[in-house]
Structure formats: C-alpha cells, structure tokens
Number of protein chains: 2
Amino acid sequence: MELNDKQIQILEATEKLFAENGFDGTSVRQISKAADINIAMISYYFGSKEKLLEALLTYRMSDFRMQLESAISKSNDYFEVLDDIVSLIVKRIHRNRRTHKIINFEYSNGCRNIDFDSYVENKKENLKVIENFVNRGQKEKIFIQNVQIELLMATILGTYFHFYYNKKFYQALLNLTDEAAIERYVHATLTQHIQQTIKALLTNAV
Amino acid sequence: MELNDKQIQILEATEKLFAENGFDGTSVRQISKAADINIAMISYYFGSKEKLLEALLTYRMSDFRMQLESAISKSNDYFEVLDDIVSLIVKRIHRNRRTHKIINFEYSNGCRNIDFDSYVENKKENLKVIENFVNRGQKEKIFIQNVQIELLMATILGTYFHFYYNKKFYQALLNLTDEAAIERYVHATLTQHIQQTIKALLTNAV
DNA sequence: AAACAAATTAAACAAACGTTTAATTTAAAC
DNA sequence: GTTTAAATTAAACGTTTGTTTAATTTGTTT
C-alpha cells in the first residue's frame with residue numbers, strides 16, 4: 001500500500017493517541033485534530049477506525065525478520081549473537097512500543113474485527129529463526145537442551161513491556177528524572193539484564 | 001469498605017468486561033446487564049465509572065504480601081523458596097490476570113483520574129520483601145552479586161503477561177486446544193520456565 | 001480556459017455514552 | 001399498622017461517538 005504524506009501524518013497521530021488512550025479511548029475527532037486534517041479524511045483514506053488501526057500495524061510491523069537474520073549471521077560467537085539479538089529486539093520494540101502496546105491490548109481480547117493475521121505470521125517466522133539459531137547452539141553443546149525456546153521471546157519482550165507498562169513506578173524507584181534518563185536505562189541496564197537472563201537461561205542447568 | 005453481595009456481583013462483572021474490552025470499551029450499560037442490575041445502581045453504589053474501577057482494584061489487590069512473606073519463611077533452602085515465590089506469583093497473577101491487565105493499560109498512560117497510589121505502594125513493599133530475601137542469599141554466597149533485583153519482578157511478571165497477551169498465538173503454536181490445556185501449561189511449563197530463568201539468573205555469572 | 005477527478009470541507013445523522021432524576025418498591029424499626 | 005430509610009426502577013438529560021453527505025476547492029490534463 002502506497003502512503004502519501006497526509007496518510008502518514010494520520011498514522012503517526014493515530015499511533016500516539018491509540019497508545020496513550022487506547023483504541024476505544026481515542027475518538028476519530030481527536031485524531032483528526034492531532035493530525036491537523038478534516039475528520040472526513042480518515043474515512044476517505046482508510047474507510048473506518050478499525051481499518052485505520054490495521055493500516056498502522058502493517059506500516060510498523062515489517063522488515064524485522066531481515067534485521068534478525070542479519071544479526072545472526074554476523075558473528076560465529078554464539079554469545080555475541082545472543083547479545084545482539086536481545087539488543088536488537090529491545091531497540092526495535094522500544095521504538096515501536098506504542099504500536100506493540102496497542103497490539104497487546106487489542107489482540108489479547110480478540111473479539112474485535114481487526115485482522116492480526118500478518119502480525120501472527122510475522123511472529124511465527126521470527127520464532128522459527130530464533131529456534132534454528134538456538135538449536136545450532138545446542139548441537140554444538142554451547143546451549144543446554146532443557147529450554148522452552150518459545151518462551152525465550154516471552155521473557156525478552158515481557159521483561160521489556162513490564163518495565164514499560166510500569167514506567168512511572170520504575171521512574172520513581174530508580175530516580176529516572178527525565179525521558180533521557182529512561183532512554184539510558186533501557187538501552188544500558190535493562191538491555192543488560194535481559195541479555196544476562198537469556199544467556200544464563202541457555203547455559204545454566206540449575 | 002464493606003461490600004454487599006450486589007456490589008460484589010457488580011465488581012465481578014466489571015472485572016470481566018474491563019479486561020475483555022478495556023475501560024473505555026466497556027459501557028456501564030453492559031456492566032449493568034452482565035451483573036443483572038439496574039444501570040442507576042452503579043452510580044448509586046460507586047459514584048462513577050472511574051470510582052468503580054478503583055473499588056475493583058482495592059477489592060483484588062490486597063493480602064499478597066502476607067502470602068509472599070509466608071513463602072519466604074517456610075524453608076531454609078533458598079532455591080526451594082525461589083521456586084515457591086515464582087509459583088506463588090504466577091498462581092496469584094494468573095487468578096487476577098484480568099485486573100492486572102486493566103492496571104497495566106490504565107496505569108501506563110497515567111492521564112486518567114484513577115488513583116493508583118495503593119497499588120504502587122503495594123508493589124514497592126513487595127519488591128522490598130524480595131530484595132531482602134535475595135540480599136540474604138547473596139551474603140550467604142548462594143546468589144551472585146551482579147543482579148538487578150528490581151528487574152527480577154519484571155522478568156517474572158513480564159514473561160507471564162507476554163504469554164497471556166499472546167495467548168491465542170501460543171495456543172495455536174503449542175496446540176493448547178482448550179482452556180484446561182492452557183491452565184496446565186501455565187502451571188507446569190510456563191511456571192517451570194520462569195523458575196528456571198530466575199534461578200539461572202541468580203546463580204550464573206555469564 | 002475548460003474539463004475533470006482528487007482532495008477537502010462543514011454540516012448532519014442516528015446511535016450510544018455516563019449520569020441524574022423523580023417515582024416506586026422493599027424491608028426493617030417502632 | 002405506620003413510619004422511615006434504603007434499594008430499585010424507568011425515563012430522561014445533554015454529550016459525544018463513528019460515519020456519511022453533498023458542496024466546494026484544488027491541481028492536473030486537455
């Protein structure tokens with residue numbers, strides 16, 4: 001789908017408002033005001049509020065697998081690759097955290113008329129790529145056998161999102177006084193914690 | 001706050017609907033219909049939709065710290081306690097997953113007029129209890145030093161919630177054909193994965 | 001400059017929203 | 001049996017919702 005400047009303008013405003021106030025908490029009038037366009041333009045370009053969300057998802061959720069595969073084939077050191085994967089995922093998910101938040105909440109109840117098929121397909125393919133990498137590491141006796149690979153991603157993404165969903169809590173707890181401090185914490189401490197977690201899990205049979 | 005049967009009836013319906021459709025996605029008319037009460041009773045008992053949510057939170061979010069402290073003092077084996085803590089948290093969070101979902105989404109955007117103070121206070125106290133336990137283990141050289149204790153909870157809760165938010169994805173992936181199969185997976189495989197993760201993280205310096 | 005489709009607008013639509021009202025029923029106290 | 005307060009009701013309140021309409025403007029092609 002080709003998107004013109006005005007459509008992108010609408011999608012950016014949509015992402016921000018949906019993430020802040022939720023799908024139902026955001027009115028198309030708010031979006032039209034934030035994007036500085038007439039309210040009828042949203043129906044004109046996207047058809048409906050539901051379709052608008054779908055357009056946002058495909059706009060944001062592409063080309064991740066390529067990045068992932070590139071990270072895996074960049075080095076022969078399994079731990080280096082592992083760190084790179086975690087770092088890549090955190091960076092990526094952090095940049096698109098707003099869209100992911102929307103997905104989490106709209107996908108989990110499921111009842112709505114929103115098409116998540118391409119999101120799910122993406123997720124499955126990404127998991128396969130990781131699975132292949134871990135399996136290779138297991139064959140070379142670098143990683144242990146007894147690991148739920150499908151839950152690796154849950155631990156990586158889940159840890160990040162729990163931090164994000166409780167940002168205000170951690171902000172107070174860790175004295176992260178401004179957005180810059182949060183950014184630093186995410187890309188340093190939080191990323192390291194997840195890297196450490198995944199490496200420990202893949203090597204240490206307790 | 002003393003709650004009569006009718007009020008509890010309302011809160012149960014509220015929890016289900018808020019978790020399924022979100023705060024804004026749920027109308028008080030839906031709640032009144034699900035709870036089988038007149039719509040005016042909600043204002044009559046709780047004052048407003050916002051206050052109704054606050055009542056739900058305090059109704060669900062009490063007495064956890066007691067359970068936590070009891071689990072910690074039950075054994076002298078640090079790993080046994082660790083497993084118990086994870087198991088307790090998963091059980092508890094799974095039972096109250098609907099309310100936690102609501103909190104995650106309403107607390108993270110923050111802008112609404114909902115009072116989360118007692119929730120945050122609870123969270124802080126629980127973290128302190130865990131911190132004390134881990135610190136003791138560190139002094140006895142059972143746990144390693146280089147661990148972000150404040151992110152331990154993020155990994156435990158985050159892993160669970162990522163599974164929950166992507167339930168449909170994992171259901172398809174793991175052939176969990178009915179709710180009973182999901183229950184079993186949560187309390188067996190998922191819990192074990194998290195236990196393994198936490199123990200590995202606390203013992204293995206990679 | 002005329003013609004034309006695409007872009008943009010203000011206004012209107014019925015439906016649903018959270019909340020309040022004022023009247024009625026219920027149940028316990030006297 | 002009367003009184004009194006709590007519980008419950010149907011109806012109405014003014015807003016806001018997502019979407020559509022029909023008219024107007026814009027920019028390009030002829």
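The model is predicted: local features need pLDDT of at least 70, side-chain atom pairs count only at pLDDT 80 or more, and totals for chains, interfaces and linings use all residues. Residues are numbered from 1 along each chain as its sequence is written, while chains are lettered from A and ligands numbered from 1 in the order in which they are written.

**Chain A overall**

- Chain A has 11 helices and 0 strands. Helices (H or I, at least four residues) and strands (E, at least two) are DSSP runs, numbered from the N terminus.
- The C-alpha trace of chain A spans about 60 × 40 × 30 Å along its principal axes.
- Of the 206 residues in chain A, 33% are buried. A residue is buried if 20 or more other C-beta atoms lie within 10 Å of its own, exposed if 12 or fewer, and partly exposed in between; C-beta atoms are placed from the backbone.
- Take the contacts in chain A with a separation of 6 or more: 63% of them join residues 24 or more positions apart. Two residues are in contact if their C-beta atoms, placed from the backbone, lie within 7 Å.

**Helix H6 of chain A**

- Helix H6 covers residues 78-95 of chain A, which is 18 residues. From first C-alpha to last it reaches 26 Å, close to the 26 Å expected at 1.5 Å a residue. The expected span is 1.5 Å times one less than the number of residues.
- Its buried residues are Leu82(A), Asp83(A), Ile85(A), Val86(A), Ile89(A) and Val90(A). Seen down the axis of H6(A), they fall within an arc of 160°, so they line one face of the helix. The arc is that of the directions from the helix axis to the C-beta atoms.
- An α-helix has 3.6 residues a turn, so residues three or four places apart point the same way.
- The buried residues of H6(A) pack against helix H5 (64-72), helix H9 (149-165) and helix H11 (179-203) of chain A.
- Exposed Glu80(A) and Arg95(A) sit on the face of H6(A) turned away from its buried side.

**The DNA surfaces**

- DNA strand C is surrounded by 15 residues; the closest are Asn38(A), Ala40(A), Ser27(B), Ser43(B) and Ser48(B). A residue is near a strand if its C-beta atom, placed from the backbone, lies within 6 Å of it.
- H3(A) gives the largest share of the surface near DNA strand C, with 3 residues.
- DNA strand D is also surrounded by 15 residues, and the closest are Ser27(A), Ser43(A), Ser48(A), Asn38(B) and Ala40(B).
- H3(B) gives the most to the surface near DNA strand D, with 3 residues.

**How the two chains relate**

- The same surface serves both copies, and 100% of the contact residues of chain A recur in chain B.

**A loop residue in chain B**

- Asp63(B) lies in the loop between helix H4 (49-60) and helix H5 (64-72) of chain B.
- Asp63(B) is exposed, because it has 10 other C-beta atoms within 10 Å.
- Asp63(B) and Lys49(B) are 14 residues apart along the chain, and 25 Å separates their C-alpha atoms.
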